[in-house]
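Dear colleague,

Please find below the structure that I am handing over to you. The notes that follow set out what was found in it.

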Amino acid sequence: MRLYNTLTRCEELFTPQRGRQVRMYTCGLTVYAHGHIGNFRTFVCLDVLRRALKYLEGYDVRQVMNYTDVDDRTIVESRKVGLPLREYTDQYISAFQDDVARLGLESVEETPRATDEANLRAMTEMIQALEKNGHTYRSDGSIYFKISTLPQYGLLARLDHDGIKPGARVDSDRYGKEDARDFVLWKATQPGEPTWDFGIGPGRPGWHIECSAMALRLLGGPPIDIHAGGVDLVFPHHENEIAQSEGANSAQFSRFWVHVEHLLMDKGEKMSKSVGNVFTVRDVLEKGHRASALRYVLLSVHYRKQLKFTWDSLAQADEALTRVMDCLARLDTVTRPGAQPEVAKKVETARRGFAEMLAADLNTPGALGVMFELVRAVNAAIDAGEIGTTDVAEVRNAFEYFDRVLGVISVRRTDDSAPPVPVDEIERLLGERKAARSRRDFAEADRIRDELVERGIALEDSAGGTRWKRK
Ligand code: AMP
Ligand code: ZN
């Protein structure tokens with residue numbers, strides 16, 4: 001498989017370093033809010049990478065995807081609502097797991113939390129190794145990484161060393177390329193912040209040390225094969241992860257760096273919690289869209305190109321998937337026995353084309369295109385009566401083969417097994433319920449609510465009106 005490596009800015013042939021096992025780390029969600037569909041673009045694309053490595057390339061994949069459950073943002077937000085950090089982040093981890101299931105992401109082998117004791121200890125040990133190797137200094141109880149001590153600092157992000165201010169340091173987890181400077185590994189205890197002490201003084205980890213330590217602890221030491229995340233992580237997060245890991249171990253941290261481009265809103269701005277223009281997976285589902293359509297949209301553009309999100313694209317994705325499902329259903333109508341050589345040839349070409357597309361730096365739109373060519377060919381063969389029952393089995397196998405990697409058909413089947421009440425009907429029933437309440441016919445209002453609940457739709461009444469959601 002050929003994969004674009006951000007480290008070399010080249011497409012390279014990927015093979016794992018140790019036998020048939022791919023050791024891969026994905027930077028996971030910062031669990032201070034619900035994940036938005038931009039986050040899920042990255043996670044769905046990386047799920048397809050994982051599946052392609054497993055089912056097309058035949059590798060055994062060991063993947064770690066962390067939860068960032070302590071950083072500047074989680075601390076600020078948990079304090080705002082007065083909840084202990086762990087309790088605050090629990091709710092978003094559980095919501096993330098629901099979204100992951102709805103979008104049909106495979107379970108990964110490890111999902112560590114930064115605040116698990118074993119991970120905090122691993123971070124402490126890595127900082128101790130960095131101190132020993134002369135890469136750190138202390139100031140006011142915090143420990144910083146001195147970037148001038150590591151000649152390769154800036155290689156991933158292609159930093160211009162002339163612009164770096166020597167001696168200046170930065171305490172926040174997230175900052176821009178123009179602010180490249182000594183960054184914090186361990187932050188001294190602040191009033192009201194969580195604090196741990198495993199031997200380097202009381203405090204809490206900086207964001208970057210979390211991933212370096214968890215990746216190496218759970219993936220069996222350097223170098224790991226693939227480190228992945230959204231493109232915004234190249235700097236400072238991944239640059240600093242490299243500095244920490246390589247400064248502590250004097251060995252390459254990760255052989256491949258894979259970065260997924262952003263999902264943008266239709267006016268071209270990045271979807272981001274800080275901009276406040278986010279839609280979550282549940283927002284999309286509550287508007288009556290299928291999870292399978294969302295998964296399809298997220299795969300419809302190559303992962304290294306920006307994806308402009310529109311509501312229209314969801315409707316188109318849904319139609320496209322309906323064509324696949326209709327084609328699969330039509331196969332049941334074939335009764336002619338035996339095989340037709342033309343169909344077998346088309347199936348074979350499609351299987352090969354599909355694998356080639358994904359092996360070419362994970363070309364998901366190309367792979368979807370191959371799937372639709374087969375849909376067209378099969379429909380034409382059914383129309384002409386030139387397909388036999390033996391072909392039908394092969395065609396079905398081919399779609400299963402595609403879907404082991406793309407995962408859109410299986411999610412669509414799950415969507416359809418619990419059909420939501422059509423949105424128009426929900427709106428109509430809500431209107432009737434409102435009218436019943438205003439004429440004080442509460443029995444009728446309750447009957448409508450019960451009917452919706454029974455059909456899987458929950459209602460939430462508030463001063464602003466009634467909201468509905470899937471149960
Ligand atoms: P965060 O919760 O901010 O740490 O982000 C979790 C993952 O989502 C990271 O890999 C980010 O790079 C990625 N991400 C954040 N925003 C977007 C976006 N608009 N499009 C694609 N990926 C994103
Ligand atoms: Zn990370």
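A charge is said to sit over a ring if NZ of Lys or CZ of Arg is within 6 Å of the ring centre and within 35 degrees of the ring normal. By this rule, the charged end of Arg169 sits over the ring of Tyr144, 5.0 Å from the ring centre. Arg304 likewise lies over the face of Tyr4, at 3.6 Å from the ring centre.

Please note that this is a predicted model, in which local features need pLDDT of at least 70 and side-chain atom pairs count only at pLDDT 80 or more, while totals for chains, interfaces and linings use all residues. Residues are numbered from 1 along each chain as its sequence is written, chains are lettered from A and ligands numbered from 1 in the order in which they are written, and side-chain values use heavy atoms, with hydrogens and water left out.

The domain assignment, which is automatic or from a database, gives domain 1 (2-264), domain 2 (311-410) and domain 3 (423-470). Between the C-alpha centres of domain 1 and domain 3 there are 45 Å.

Next, the metal site. Donors are N, O and S atoms within 2.8 Å of the metal (3.2 Å for Na, K and Ca), and sites may look incomplete because water is not among the atoms. Cys27 (SG), Cys211 (SG) and His237 (NE2) coordinate the zinc ion (ligand 2) at 2.0 to 2.2 Å. Cys211 belongs to helix α5 (residues 207-218) and His237 to helix α6 (residues 234-249), so this pair ties together parts that are 26 residues apart in sequence. Helices (H or I, at least four residues) and strands (E, at least two) are DSSP runs, numbered from the N terminus. Both Cys211 and His237 are buried, where buried means under 20% relative accessible area, exposed over 50% and partly exposed in between (1.4 Å probe, protein chains only).

Finally, the aromatic rings. Rings of Phe, Tyr and Trp (its six-membered ring) pair if their centres lie within 6.5 Å; planes under 30 degrees apart count as stacked, over 60 as edge-to-face and the rest as tilted. The count comes to 19 aromatic pairs. In one of them, the ring centres of Phe43 and Phe96 are 5.5 Å apart and the planes are at 80 degrees, so the pair is edge-to-face. Phe43 counts as buried at 5% relative accessibility, and Phe96 counts as buried at 3%. Ring pairs also link Phe40, Phe43, Tyr67 and Phe96 into a cluster.

Yours sincerely
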